[in-house]
Amino acid sequence: AVQSNKLVPKTVAKVKDECSQTIKVGKGTYTFYTCPQDYYAAVKMCKSKNVKGNLLSIHTHSFHVKLLEELKHFSNTEHEVWIGATKGSWSFTYYWTDGSQMDYKFWAHGSPSHGFFSSACVLMETKDPGYWRDVDCSTVRPFVCEIV
């Protein structure tokens, strides 16, 4: 798909200025980026010097439900956001990009679906009940960063 420069700013500073919304979930503060990026660009944005964080990791169902409630307040035509779960090729194991233990999962029926030989990245639906799906990492979606 062709992306308009108007919808997807090129620089980290522009993405931060034009596309970011602060959300509070429990005691944490997170940034929801409405300008869609592929998974790797989202990871880079979250780890940039302007943001200093990671793509969101989810460790409890109660946090998942609270996050979903916050994300429903924003217009998101894809109804999905990147979260920080991924797996590399030659593996069946998914992990959080922040290095924390993957102690909670909320897969949609039929997911995870990527096999041993292919890498995959994880999207969370922003409509109830917020299931997760593993997809190709080049898919372009909004994303959520946890701020360190």
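Y39 is buried at 2% relative accessibility, where buried means under 20% relative accessible area, exposed means over 50%, and partly exposed lies in between (1.4 Å probe, protein chains only). This is a predicted model, in which local features need pLDDT of at least 70 and side-chain atom pairs count only at pLDDT 80 or more, while totals for chains, interfaces and linings use all residues. Residues are numbered from 1 along each chain as its sequence is written, and side-chain values use heavy atoms, with hydrogens and water left out.

A search of the whole structure finds 10 aromatic pairs. Rings of Phe, Tyr and Trp (its six-membered ring) pair if their centres lie within 6.5 Å; planes under 30 degrees apart are called stacked, those over 60 edge-to-face, and the rest tilted. Y39 and Y40 make an edge-to-face pair, with 5.9 Å from centre to centre and 90° between the planes. Y104 and F106 are stacked instead, at 6.3 Å centre to centre and 10° between the planes. Both Y104 and F106 are buried. These two residues also belong to one aromatic cluster, formed by Y94, W96, Y104, F106, W107, Y131 and W132.

Now take the protein as a whole. Its secondary structure comes to 3 helices and 8 strands, where helices (H or I, at least four residues) and strands (E, at least two) are DSSP runs numbered from the N terminus. Along the sequence they follow the pattern α-β-β-α-β-α-β-β-β-β-β. Of the 148 residues in the protein, 46% are buried. Contact means heavy atoms within 4.5 Å; among contacts between residues at least 6 apart in sequence, 70% join residues at least 24 apart. The protein exposes about 8000 Å², and carbon and sulfur atoms supply 53% of that area. Such areas come from the Shrake-Rupley method with a 1.4 Å probe; for residues, only the protein chains shown count as cover.

Charged side chains come next. Side chains of opposite charge can pair when their charged atoms come close. A salt bridge is a side-chain nitrogen of Lys or Arg within 4 Å of a carboxyl oxygen of Asp or Glu, and by this rule there are 4 salt bridges. One of them joins K72 and E69 at 3.0 Å, N to O. K72 is partly exposed at 34% relative accessibility, and E69 is partly exposed with a relative accessible area of 40%.

Which residues form salt bridges with E80? R133 meets E80 at 2.1 Å, N to O. R133 lies in strand β7 (residues 132-135) and E80 in strand β4 (residues 80-87), so this pair ties together parts that are 53 residues apart in sequence. R133 is partly exposed at 28% relative accessibility, whereas E80 is buried at 7%.

R141 also forms a salt bridge with E80, with the closest N and O atoms 2.7 Å apart. Because R141 lies in strand β8 and E80 in strand β4, the pair ties together parts that are 61 residues apart in sequence. Strand β8 covers residues 141-147. R141 is buried, with a relative accessible area of 19%. Leaving aside neighbours within four places in sequence, R141 is in contact with C35, P36, Q37, E78, E80, W82 and L123.
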